[in-house]
Amino acid sequence: MAQPIYLDYNGTTPHAPEVIEAMRPFLEHEFGNPSSNHWYGIAPKRAVAKARKQVASLLKCDPEEIIFTSGGTESNNHAIKGTAMGQKGKGNHIITCAIEHPAVLEVCRALSPYGFETTSLPVDRQGIVDPDDIKKALRPGTILISIMHSNNEVGTLQPVAEIAAIAREHGITMHTDAAQSVGKVDLDVGALGVDLLSIAGHKLYAPKGIGALYIRDSVHLEKFCHGAGQERGLRAGTENVLEIVGLGAACEIAEQRLEEGIAHMRSLRDRLHQGLAERLGESVMLNGHPEKRLPNTLSLSFKGLEANRMLEEIGLDVAASPGAACHSDTVEISHVLEAMDVPLDWAKGTLRFTVGRMTTAEQIDRAVTVISSAAGKLQG
Ligand SMILES: Cc1ncc(COP(=O)(O)O)c(C=O)c1O
């Protein structure tokens, strides 16, 4: 049986063949510990240093400003808890927004028993935070602003540079969760003006369980993991050499192919959107900002339908992800669609389609046929 067409690249990405090749020696024979002073430590140590350079080159920062983590969740945890604990003498207030990933929202919530307060700002109908709301939310004790670079469900890009300028003006640390943006849009931490930026390897064709955190050299973060002093003493533990190498290779490819990748993703995403809009007309609606959006992300609401029924109908042919879960007598809308005020009748029929490097035009044309017939059938 043929596999369903994969349209869930924001969920995770396949491993790039180049990533697998780069990792192979570290799986097969380069088993040494990078901290060892003998011969076996040499290649792993060099490989970790090379990967750090590759990540830094993609983000346009110094390799010393990159630490490796276990993924986007850990990077966000370290950025937020590390700032909170490192600056608790200065204040106890954090600003974030309502459509952040749980790896930000839950971390802020978890800090509340320790005396930290969080302001979660609203977004507009397209998912954008108003920088004026940031200014209004500032307090003398504000120590951190954490606003995601792009949203995983609808793809909306935030005015991060503008918000970071406000943070800088007030001497506040600025973090952005760029787990979905790295490799999909051009990122330059200097131009953005952020102090902390999170990366997740498995969103850019590297394995799951590896990530990185950019930490501007002037920023003080509390340690995340105590131990033998790896990663500048911030995150102790013998390095995950295999996956660090994979992440490095993934970043190098992302940098080399950024423009071509953006054009590829945008054209296929728009082909899918146009194909469905032509067939389904007014019964389908786009969520997120029409332009200020990741080039691969298409969140569509199918009027009057239930996301899970749609997925059941298309599941053998197309893999996508739901924006709502309907139970027998309740509907759980994603916190993102809720914050964007998407009307219930539309929100409950929301699906996220995300394309990537391996997506082809033939797959998109087939997906248009499958999705539009399913919607037509269910809408009667
Ligand atoms: C915006 C965003 N942040 C953080 C994460 C968590 O990353 P990881 O799965 O590497 O822990 C994700 C994953 O879906 C994400 O989309």
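Q: Is Glu28 buried or exposed?
A: In this predicted model, Glu28 is exposed, because 8 other C-beta atoms lie within 10 Å and the cut-off for exposed is 12 or fewer.

Q: Got it. Which helix is Glu28 in?
A: Glu28 belongs to helix H1, which covers residues 17-28.

Q: Okay, switching topic. How is the chain divided into domains?
A: Domain 1 takes residues 17-256, and domain 2 takes residues 258-379. The C-alpha centres of the two domains lie 29 Å apart.

Q: How many residues does the contact take from each domain?
A: Domain 1 gives 23 residues to the contact and domain 2 gives 21.

Q: What are the residues like on the side of domain 1 that touches domain 2?
A: That side of domain 1 has 10 nonpolar residues, eight polar ones and five charged ones.

Q: Nice. Now helices: how do H3 and H4 pack?
A: Helix H3 (residues 72-86) packs on helix H4 (residues 102-111) at an angle of about 35°, and their axes are 9 Å apart. The crossing of H3 past H4 is right-handed.

Q: Which residues meet there?
A: From H3 you have Gly72, Thr73, Asn76, Asn77, Ile80, Lys81 and Ala84. They meet Ala103, Val104, Val107, Cys108 and Leu111 of H4.

Q: How does that contact divide into nonpolar, polar and charged?
A: In the contact of H3 with H4, seven residues are nonpolar, four are polar and one is charged.

Q: Let's move on to strands. What is the order in the open sheet of four?
A: The order is S9-S10-S15-S12, and the pairing is antiparallel.

Q: Which ones are the edge strands?
A: The edges are S9 (284-287) and S12 (321-322), each of which pairs on one side only.

Q: How many bridges do S12 and S15 pair over?
A: S12 pairs with S15 (residues 350-354) over two bridges, in the antiparallel sense.

Q: What stands opposite Pro322 in S15?
A: Opposite Pro322 you'll find Leu351 of S15.

Q: Last one: which strands does helix H9 lie across?
A: Helix H9 (residues 258-280) lies across S9, S10 (297-302) and S15. Relative to S10, H9 runs at about 15°.

Technical notes
Residues numbered from 1 in each chain as written. Predicted model: local features only at pLDDT ≥ 70, side-chain atom pairs only at ≥ 80, totals over all residues. Pairing = 2+ DSSP bridges. Contact = placed C-beta atoms within 7 Å. Axes fitted to C-alpha atoms, helices over the stretch in contact; angles between N-to-C directions. Domains from an automatic or database assignment. Nonpolar A, V, L, I, M, F, W, Y, C, P; charged D, E, K, R; others polar. Buried ≥ 20, exposed ≤ 12 C-beta atoms within 10 Å, placed from the backbone. Left-handed = near helix turned anticlockwise from the far one by under 90°.
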